[in-house]
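Reader: Walk me through this model, please. Keep it brisk.

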Amino acid sequence: MTTVMNHKSPTASHRPIMERLNVVTALVLGIALAVISYYLASKFLPENTEGSVMKTRHDQIILIAMFGWFIGFMTGIGALVAPVRWLMGKDLSHDENMYLAGKDAGTARYFRYTTDHKVVGIQYLVITMVIFGVGGILAMLIRTNLGHAEGGWLHPQAYNAVVGIHGIIMIVGTIIMITGPFGNFIMPIMIGARDMAFPRLNALSFWLIVAALAPILSSFFLGGITTGWSAYNPLATQSPGGMDGYIMFICIFAISTMVAGANITTTVVRMRAKGMTWTRTPIFIYGTVASVALALPAFPVFFLSQVMSAMDRAAGTTFYDTRGGGSGWLYENLFWLMGHPEVYVILIPAVAALMEMAPVFTRRPLFSFKIAVMGIAGICGLSILVWAHHMYVTGWAPLLNAPFMLTTELISIPTGMLFLVLVGTVWRGRLWMTVPTASIFALLLNFMIGGITGIYLSDVPADAALHGSMFVTAHFHYTLMGAGLTGAIAALIFWFPKMTGRMIDKQLSWISFWLVQIGFNVAFMGMFMVGLAGQPRRVEAYAELFTRGNQITTGAAFVIMTGMLVLLWAVIYSWRNGQKAPMNPWQSKTLEWSVPNPVPLENFETLPIVTSDPYGYGKAQS
Amino acid sequence: MSDLQTKKPQWWKSKDVKITAALWVVLSVFIGVIGGIVNSRPMGQPASETMANTIHIMKLFTWVSAPVAGLVAAIAIKSLMQKMHFGDNPPAEADHQISDSPKATALWLIVSALLCLFALVFGMVVFQRDNNTLLDVHAADVNVTGQQWAWNFDYIDNGKFQSEDLYLPVNKPVHFHVTSLDVVHSFWIVQMGIKVDANPGYITETAVTPTKIGVYDLRCAELCGLLHAYMQKKVHVVSQQDYNNWVTSHGGTI
């Protein structure tokens, strides 16, 4: 480790254990514990008895080995340093806390358990890009495979595995894509705080995600997740060992989300600068808090559903098995209790980020701040009451279809408020044309299509025709990718100067914007068409009549891929060689632009006092 | 809309507002017409009243959403028509400071709530009509059993014979009792617009009246493992006479 020590630190040969821990020790310890627990489990677990349910022992071994990895990795990265200290009746000293915050540590701090929120934000940004990279490659595998009607070059089982891993890894990527990088790096500065409320939990939430990636990636080699991202039982019970990777991944990720949610919520509620009343708090903060606060009740349910799934596989229980008194509908309910709030966990911060940018690039105040807050709150409230619209045709409770149809269609009202705020802000504004500005319009288009197709799907008779078809796939890609990812990319371009100290290349980001947006709309329009015509989702072969629609989608998918690669190149290139950014390149009035580049360790020398709302554009002249 | 509150007495005379209003009308009609065509064309000719209703309701929902979508599009296009500013430094700040307009927001809320209510009520009515088929006592009963990766049909009203093919008489209501032997499947007759999951251990119900003689597609709509993509069948809707012949040739009784 190339850490620069301050004068109080012991010499390199006598460094305390906590200063020796980094991602390398974590990997070594994680792999070692995984191997040891695999070995011990294989040796001592009893053989399957004759009448036992399938593959119980195999799943026990995999789950134990993955748990070993998890404990080893988290110990190796240093998550246990402070808890161990507390057990010994002490706490960390000031110097040790400074060490943890990464004071004077250079690049090395990005590879260890660093508590500085800015380091965590960058770490999140990189891991999000890695996740999107993996998910994107899988998406391209799916699309190439669907270039031909009679199935492609992937074995059906491999195809199912690719679909499953693409689904879940993209969902996780989109969940963290805004609250991770920008919620951690930007949010505390935006509210005028020196750090998050719980800096160590912040580091914990990030490293849990890294720990969770090993199980999901290992599932490639354990037979894959062949159930789609929803992992419905009893298909999941039947699936190969890759399913254990899914279960472990979700359990660890759920903990990470809960930890991050508690941390961000507390930070915003308790640590806003003096004078930053709720009406002076930027809308992006509302979006971030709404997102993580919505995740707080959702993810424990997901965690629980997977624990029960693991027990069905490894401990012979029958929570989801009708033969033993369980029910697959129990799983579906638990899954969608998480699953529907979760789409708003993804969407709300993306829209809020664009609302944050709209005043900056139109040079006028945000239109109807209160309506924006009401819209976000309304979506949050309703989104926990709509889960069974995913279950209209399951036969679980036909009598409940009508009430769930009611709550689902009501969501269009608060969603409409978000549209009103955006169009109200751009109306008659003098547009400063940048990629984020264009992204506002792209979001309006994509989210409108995603929203209207959502109204069809909310209707029970129409859903009976469309459920489980490619139409649904296209619909949620329009919301999560067309709206969500568009907002996230705009946020990246907007906050890039603050996070890296450099401007992102203008030309490259414009090229990427157009490639991605055009490719996206062509690709998923094609998918709508084949869905309406009756192509089921998650199929590796389809009837001849869907060929043209699928080929359009596949062709356009390559355009999206090119656009994403251009963006990746723009990020890497600009991060290394980009033009140095001024302190406030967009002339924005929020607090994060009032600190210098690079942002100092504790952000503010003296904590700011807020005297007005952050959208006071155009008031000087009046 | 947002300058309802400005002090100009006749805000509707503003050129911006006029252009936007014109765009709104044009775009709303455009979205309604194009949206309807884009939706209904791929769905093809309906083979049952259920499907006809579905196509109808999707067209209707398109028209209900069209004014909202049209307004958003009109305002967005109007803003893009303004003179834009390019460059690395911001333009001058706006010469007005509209940050709210209670009248405009109230109008927006009322209109969107009414449209939502309309869609809801209409959806419920159609939903209820579809459900009525389920209660039809004259309907023929067919037990559908899904398993990895095939469908089986038990004609319990016609002498209890089993078939791997689905033949239905035209213009006669049929009531499906759907279950599965292994994992969750979904019983979907594409052109008839009906779908219900086949769950192991439960029996779910759906009903339809085929209205057109022809060959239609039955597809599994819930990922069910290795050969999910191939779990499909043809549905034959035939005349009563042909149906009777088919039943007797399979050992059933009329």
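This is a predicted model: local features need pLDDT of at least 70, side-chain atom pairs count only at pLDDT 80 or more; totals for chains, interfaces and linings use all residues.

Reader: Where does A:Ala231 lie?

Author: In the loop between helix H8 (199-218) and helix H9 (235-238) of chain A.

Reader: Which residues does a cis peptide bond join in chain A?

Author: A:Asn597 and A:Pro598, with omega at about -15°. A:Pro598 is in the segment after helix H20 (547-577) of chain A.

Reader: And which residues in chain B?

Author: B:Gln148 and B:Trp149 are joined by a cis peptide bond, omega about -5°. B:Trp149 is in the loop between strand S1 (140-147) and S2 of chain B.

Reader: On to helix packing. At what angle do H12(A) and H13(A) pack?

Author: Helix H12 and helix H13 (residues 369-383) of chain A pack at about 170°, axes 10 Å apart. Axes are lines fitted to C-alpha atoms, for helices over the stretch in contact, and angles run from 0 to 180 degrees between N-to-C directions. So H12(A) is roughly antiparallel to H13(A). The cut-offs: under 35 degrees is roughly parallel, over 145 roughly antiparallel, 65 to 115 roughly perpendicular, and the rest oblique.

Reader: Which residues make that contact?

Author: H12(A) brings A:His340, A:Pro341, A:Tyr344, A:Ile348, A:Ala352 and A:Met355. H13(A) brings A:Ala372, A:Ile376, A:Ile379, A:Cys380 and A:Ser383. Contact is when C-beta atoms, placed from the backbone, lie within 7 Å. By class, the contact of H12(A) with H13(A) has nine nonpolar, two polar and no charged residues. Ala, Val, Leu, Ile, Met, Phe, Trp, Tyr, Cys and Pro count as nonpolar, Asp, Glu, Lys and Arg as charged, and the others, Gly among them, as polar.

Reader: How far apart are the axes of H12(A) and H16(A)?

Author: 9 Å. Helix H12 (residues 328-362) and helix H16 (residues 435-458) of chain A pack at about 125°. That makes H12(A) oblique to H16(A).

Reader: Left-handed or right-handed crossing of H12(A) and H16(A)?

Author: Left-handed. That term applies if the near helix is turned anticlockwise from the far one by less than a right angle; clockwise is right-handed. A:Leu354, A:Met357, A:Ala358 and A:Phe361 of H12(A) meet residues of H16(A), including A:Pro436 and A:Leu443. The contact residues divide into seven nonpolar, two polar and no charged.

Reader: Switching to chain B. Which domains is chain B divided into?

Author: Domain 1 (2-84 + 99-134) and domain 2 (140-249). The bounds come from an automatic or database domain assignment. The C-alpha centres of these two domains of chain B lie 38 Å apart.

Reader: How many residues of domain 1 of chain B are in contact with domain 2 of chain B?

Author: 10 residues of domain 1, against 16 residues of domain 2. Helix H2 (49-81) and helix H3 (102-135) of chain B each supply at least two residues on the domain 1 side. The largest share of that side, four residues, comes from H2(B). By class, the domain 1 side has four nonpolar, five polar and one charged residues.

Reader: In what order do the five strands of the open sheet in chain B come?

Author: S3-S2-S1-S5-S8, with mixed pairing. Strands pair if DSSP finds at least two bridges between them. Strand S3 (161-163) and strand S8 (204-208) of chain B are at the edges with a single partner strand each, so one side of each is left without a neighbour in the sheet. Neighbouring strands of this sheet are turned by 25° against each other on average, direction ignored.

Reader: How many bridges do S2 and S3(B) pair over?

Author: Three, in the antiparallel sense. B:Asp154 has B:Gln162 of S3(B) as bridge partner.

Reader: How many bridges join S9(B) and S10 of chain B?

Author: Six, antiparallel. B:Tyr216 stands opposite B:Val235 in S10(B).

Reader: Last one. How many residues of chain A are in contact with chain B?

Author: 78, meeting 75 residues of chain B. On the chain A side, helix H15 (residues 412-426) gives the largest share, eight residues. That side divides into 45 nonpolar, 23 polar and 10 charged residues.

Technical notes:
Residues are numbered from 1 along each chain as its sequence is written. Chains are lettered from A and ligands numbered from 1 in the order in which they are written. Two residues are in contact if their C-beta atoms, placed from the backbone, lie within 7 Å.
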